Amino acid sequence: MVDRLIGKKILVRGIVQGVGFRPFVYAQALANHLFGWVRNTSKGVEIEISGTRKDIEAFLNGFKFNLPPLARIDTFKTQTIPVGHYSSFDIISSLSQPEDFLPISPDMSICPDCQEELFNPNNRRYRYPFINCTNCGPRFTIIQGIPYDRPLTTMAGFPMCENCLEEYQDPFDRRFHAQPIACPVCGPQLYFETGINNGVMGETALSTVRELLKAGKILAIKGLGGFHLACDASNREAVQELRNRKNRIAKAFALMAFDLISIERHANLTIEERQLLQSSERPVVLLERVKNSLLPYDVAPGQNTLGFMLPYTPLHLLLLEPKEGYPEILVMTSGNLSEEPIVYRDIEARSRIGHLVDGILFHNRPIHMRVDDSVTRIVNSKPYILRRARGYAPNPIIIPKEIPQSLATGAELKNVFCFTRENYAFMSHHIGDLDNYETMQSFEEGINHFQHLFRINPEFIACDMHPDYLTSRYANNKALEDSLPLFRVQHHHAHLAACLADNGWKSDQPVIGLTFDGTGFGTDKAIWGGEFLLGNYSGYKRKYHLAYVPLPGGDVSVKKPARMALAHLKASGIVWEEDLAPVRALSEDERKVIFTQIEHHVNSPLTSSMGRLFDAAASIMGIRQVVSYEGQAAIEMENLIDTEEKGFYQFEITKDIIDPTPLWMLLMKDWHLGVPPSKLSSRFHNSIVELSKNLCQKIRSETQCNTVALTGGVWQNKYLLEHTYQKLKNDEFQVLFHRQLPPNDGSIAIGQALIAADSFR
Ligand SMILES: [Zn+2]
Ligand SMILES: [Zn+2]
C-alpha cells in the first residue's frame, strides 16, 4: 500500500531565532524524508512540508524532544495545505515584515562544546576569550534592532574571516547563523590599560591581569552587560579596599569561582543549587556559608550566606583557570559607584570608575544594552529570583489574557518596567533605584530600546499611585506627549496582580494577597506595607493591615531602625527605658526630636509597613540600629534564626487592624530575661507565620476564598516564605508565590499593566 502525501504549513513563535532552530528543523525534515522549506520571518519560523502522514507525525513529534538548548516555543500552529511541488528540503531566505515582532533570547553562558574548544590546544579558537556558537554567547546585550542579524548587532564592525564565514553558512555546523561568531583572526580582542603605560593586548593583557589580581590589586573588567570591579576574594585587605573605594559599607559582594569544587570549600550545596549555578542563565545564587570557610568576613558582613556564580563567559574561565598561587575566587561586583547603574561604555569606564581601580581590562566588542547579573536563591526546592537581569531578561512572561499594547513604568526602587503586546509581557532587566540622574537615564534608555526592539505602540500607560515617584512623573509626561490614557495603580494591588500573572492565574476569582513590603503609597496617602488584601486583576479590598505608626522624620527612620523601634514602642504605650538597645543607640537630643515629631505630627507620615515592623524588631533585639542598604536589618535578623525554636508571639486584631502591642510586650519581656537574639528572631518570624495563617483562615471563613498569594519584598525572606507556605498548605490552602519574577518591587510593572488593562476596556 502506498501512503498518500499530505502538505502542512507550520508557524512557530517564541525564542526561535539565533538559537539554531532552522538547522534543527532541517535535520528533522531530512531524517523524516520530508520536502519543503523553512524560513525566519519577523514573527517567528515558518515551515512548509510535504510527506506521508507517518513521516509528518514523526517530524512533529521531534519538536517535543531535543529542541536546541536556547529555543523556547510559545505557540506552534499547524494547518493542512495542498501538497507542494518540492524535490528537496531547503533553508530559504528570511521574510521581514515591518510591523511584526518576536521575542529575543537573553545572553547565555558559554556552552560545554565551546568550553571544550576553549581549552583544546588543537582548536583554532584555543584560549580565545570571545568563543561562542548558536547555543551560547551574547544576545540581548549586543542586539540593536530586529531582525536579529549580524548587521543589527554590535558585531557589525567585525567582518567574518573565510573560516568563520564557512562555518556561518554551513547548516551542519554548530555555528550556522551564530550572529556573534568570531575567532582570533576576525573577532574582538582584549586590551588592558593601567593609566601609566600604553596598555597591552591579548594573552599579555590576560596574564598581566592575573598577576595584578594575585598581588591584591583592584581591577575593572569588561564583561557581557557591563564592567565588574574585581579583586581576590581571599585577600582581606583587597576586599576592604574595594569597599572603601566603591563606598559600599556592608552589602554582600558577588563572588565567582571556576567550578563547583571551589564553591564547595565555602558553601553547602543542594542538588537544586548545583543545577541553578550550572544553568545556562548562570545567576548569582545565595548559598549557606560553611563554618570553616576561609573567605574574609568582609565579603558578606553580617550574613550566613555567600552569593556565588560560575563563570559565564570564556573570558571569565580564562581569568579563573586553576593555577597554583593565583586567586581561586574573585569578588565580581557591579562596576559602579554606590547605587548608580552598572557602567557599560568604555569611555564611561575611564571617567566614572577609572579612579576606583588599578587598571581596566577592556575588549572592543561594544555593549549595546547594559545588564547586571541576576540574583537568585533556592526556596521550597525551586529557583526563586531576587533580581531578574542577565540570562532571564528579556524573556517574555506569558500573560493569562491578551491585552492592548501598553507600557507600565513600575516602582521607584528596584525598578523594572514592562511593555505588553499580545499575550507577552516584556519585563525589562533590573534597572535599579531611580534616585539619581544616571539611573533615570538608564531607565529612559531601556524604555526606548524595548519599545523599538519589540515594535510596541502603547495604547495606554500605567504607573504607581505615588505622585512623586520619578516613574510616575515620567509616565505622566509620556501620556501627555503621546495623548494616551494614564492609569495610576495602587502599589500593593499591583503586587497582588503581579503574583497572579506570574502564576498564570486566569480566573476572575479573588484571592487573598499577603502583600508585605517596606513602602507603598496608599489610597489614604499613608504608607502601606503590611496588607492582607482580597482581590483580582480588576479590584481589591483591604481586609486587614498593620496598625499605623508614625515614621518620625520620614526616610531618616528607614535608615535608622532604632527610630522605628521607638515609634513602635510609643504607639504601643511602652516606655523608652534607658537600657533598651534602640534607646542606647540614639542620643538624648535625637530622642527628644523623635518624641516631638510624633507628638506634634511633624514630618511623621503614618505607615502600616511590614518592613518597618521587621526593622523595629531587629533594633529591639539589639541586632541592628542603623542600616547602610535596604533590608539590612531584616536580612541580619533572618541570619540569626535558631530553626529549633518554635515559640511565637501574639498580635491583637481589632476589626481590620493588626496591633503588635502584645508582641512587643512579650518580646521585651523575653529580652529582659536574657533570651538570646537567635531565639528572639525565631519567635518573631514565627509570629508573622502564625498571624498570616490565622488571618487567612478568618478571610476564608468569611469569603470561601481558598487561594493565598505571597508577594512583596518581605517575602525575599526564605524562612518566612517556606514556613508560611508550609503552614498554609497544611491547612489546605492553595498557595501562590513568585516563580519567574522577583517578589519585590521588581515585579509590580506587570501587575500595573494588567490592572490598567481592566479599566481601559
Ligand atoms: Zn557554544
Ligand atoms: Zn574568524
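Which residue just after helix 15 takes a positive phi? In this predicted model, local features need pLDDT of at least 70 and side-chain atom pairs count only at pLDDT 80 or more, while totals for chains, interfaces and linings use all residues. Residues are numbered from 1 along each chain as its sequence is written, chains are lettered from A and ligands numbered from 1 in the order in which they are written, and side-chain values use heavy atoms, with hydrogens and water left out.

The residue is Gly573, with a phi of about 70°. Helices (H or I, at least four residues) and strands (E, at least two) are DSSP runs, numbered from the N terminus. Helix 15 spans residues 561-571, and nine of its 11 residues are buried (under 20% relative accessible area, 1.4 Å probe, protein chains only). Among them are Arg563, Met564 and His568.

The zinc ion (ligand 1) is coordinated at 2.3 Å by the SG atoms of Cys111, Cys114, Cys133 and Cys136; donors are N, O and S atoms within 2.8 Å of the metal (3.2 Å for Na, K and Ca). Angles of 105 to 116° among the four donor atoms make the site tetrahedral (all angles between 85 and 135 degrees). Along the chain the donors follow the spacing C-x2-C-x18-C-x2-C. Cys111, in the loop between strand 5 (89-91) and helix 3 (112-118), and Cys133, in the loop between helix 3 and helix 4 (162-169), lie 22 residues apart. Both Cys111 and Cys133 are buried.

Asp55 is located in helix 2 (residues 53-61). Asp55 is buried but has no salt bridge (a side-chain nitrogen of Lys or Arg within 4 Å of a carboxyl oxygen of Asp or Glu). The nearest side chain of opposite charge, Lys54, is 5.8 Å away. Apart from neighbours within four places in sequence, Asp55 is in contact with Asn32, His33 and Leu34 (heavy atoms within 4.5 Å).

Methods. Tetrahedral: all angles 85-135°; square planar, octahedral: opposite > 155°, others 65-115°. Buried < 20%, exposed > 50% of the residue type's maximum accessible area, 1.4 Å probe, protein only. Lys, Arg positive; Asp, Glu negative; His and termini not counted.
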